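Please keep the sequence and the structure in view while reading.

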Amino acid sequence: MQAASQQDSSGLFPLQLLLTLPYQGSAVWHGAFAAVLEAHPPAAATPDADGKLPLALALARGDTSDDAAMLLAEAAPDAVGADGRTPLHLAAAKGRSADLMRRFLGVCAAWVKSRDASGRLPLA
């Protein structure tokens with residue numbers, strides 16, 4: 001079994017690999033996700049080869065649960081993508097629920113004033 005802090009042959013860490021798998025709504029997936037994140041919390045702030053953070057990958061899929069997104073946000077509240085986008089930018093861009101965005105603000109209220117690389121605010 002691959003260690004949580006070890007990349008596979010394609011350069012993905014286990015957390016990133018989990019985000020590529022289908023059926024992210026299953027209890028088994030959520031259990032594996034939580035276990036990998038607990039075993040290696042820095043993985044939440046580790047970008048993939050394209051510079052995308054795990055939270056960006058999760059939100060881009062559209063089928064990742066709000067709970068999984070919150071685990072990532074809580075594990076890496078200071079993580080900002082290479083494009084300067086915070087978790088709040090990502091959630092707003094993907095049309096995620098207002099509840100998730102409120103929960104994100106509970107993790108880091110400063111995100112509401114954070115501008116991305118293009119100068120955009122997350123809720124503008």
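## Helix α3 against helix α4

The model discussed here is a predicted one. In it, helix α3 passes helix α4 in a left-handed crossing. Helix α3 covers residues 54-61 and helix α4 covers residues 66-75. Their axes come within 9 Å and cross at roughly 165 degrees. Angles over 145 degrees count as roughly antiparallel, and α3 and α4 are therefore roughly antiparallel to each other.

Which residues of α3 and α4 meet? On the α3 side they are Pro54, Leu55, Ala58 and Leu59, and on the α4 side they are Ala69, Leu72 and Ala73. Sorted by class, the contact of α3 with α4 holds 7 nonpolar residues, with no polar and no charged ones.

## The buried residues of α3 and α4

Within α3, the residues Pro54, Leu55, Ala56, Ala58 and Leu59 are buried. The elements that cover these buried residues of α3 include α1, α4, α5 (87-93) and α6. After α3 comes Gly62, which has a positive phi near 85 degrees.

In α4, the buried residues are Ala68, Ala69, Met70, Leu72 and Ala73. They pack against α1 (14-18), α2 (27-39), α3 and α6 (98-107). Two of these partners, α6 and α2, are taken up in turn below.

## Helix α4 against helix α6

The axes of α4 and α6 come within 10 Å, and the crossing angle is roughly 20 degrees. Angles under 35 degrees count as roughly parallel, so α4 is roughly parallel to α6. The crossing of this pair, α4 and α6, is right-handed.

From α4, the residues Asp66, Asp67, Ala69, Met70, Ala73 and Glu74 take part in the contact, and from α6 the residues Leu100, Arg103, Phe104 and Val107. By class, the contact of α4 with α6 consists of 6 nonpolar and 4 charged residues, with no polar ones.

## Helix α2 against helix α4

How far apart are the axes of α2 and α4, and at what angle do the two helices pack? The axes of α2 and α4 are 11 Å apart, and the angle is about 5 degrees. This makes α2 roughly parallel to α4.

Helix α2 contributes Trp29, His30, Phe33, Ala34 and Leu37 to the contact, while α4 contributes Ala68, Leu71, Leu72 and Ala75. The contact of α2 with α4 has 8 nonpolar residues, 1 polar residue and no charged residues.

Helix α2 also holds Ala35. Is Ala35 buried or partly exposed? Its relative accessible area is 43%. Buried means under 20% and exposed means over 50%, so Ala35 is partly exposed. Ala35 and Thr46 are 11 residues apart along the chain, and their C-alpha atoms are separated by 17 Å.

## Aromatic pairs

A pair of aromatic rings is described by the distance of the centres and the angle of the planes. In the whole structure, 2 aromatic pairs are found. One is formed by Trp29 and Phe33, whose ring centres are 4.8 Å apart and whose planes lie at 15 degrees, so the pair is stacked. Both residues lie in α2, 4 residues apart, which is about one turn of the helix. Trp29 and Phe33 are both buried.

Phe104 and Trp111 form an edge-to-face pair, with 5.9 Å from centre to centre and 90 degrees between the planes. Phe104 is buried, with a relative accessible area of 0%. Trp111 counts as buried too, at 3% relative accessibility.

Where is Leu53 placed? Leu53 belongs to the loop between α2 and α3. Leu53 has a relative accessible area of 10%, and under 20% counts as buried, so Leu53 is buried.

Leaving aside neighbours within four places in sequence, Leu53 is in contact with Ala44, Ala45, Thr46 and Pro47, and also with Ala79, Val80 and Gly81. Leu53 and Ala91 are 38 residues apart in sequence, and their C-alpha atoms are 13 Å apart in space.

Technical notes. Residues numbered from 1 in each chain as written. Predicted model: local features only at pLDDT ≥ 70, side-chain atom pairs only at ≥ 80, totals over all residues. Heavy atoms only, no water. Axes fitted to C-alpha atoms, helices over the stretch in contact; angles between N-to-C directions. Parallel < 35°, antiparallel > 145°, perpendicular 65-115°, else oblique. Left-handed = near helix turned anticlockwise from the far one by under 90°. Contact = heavy atoms within 4.5 Å. Nonpolar A, V, L, I, M, F, W, Y, C, P; charged D, E, K, R; others polar. Buried < 20%, exposed > 50% of the residue type's maximum accessible area, 1.4 Å probe, protein only. Phe/Tyr/Trp six-rings, centres within 6.5 Å; stacked < 30°, edge-to-face > 60°.
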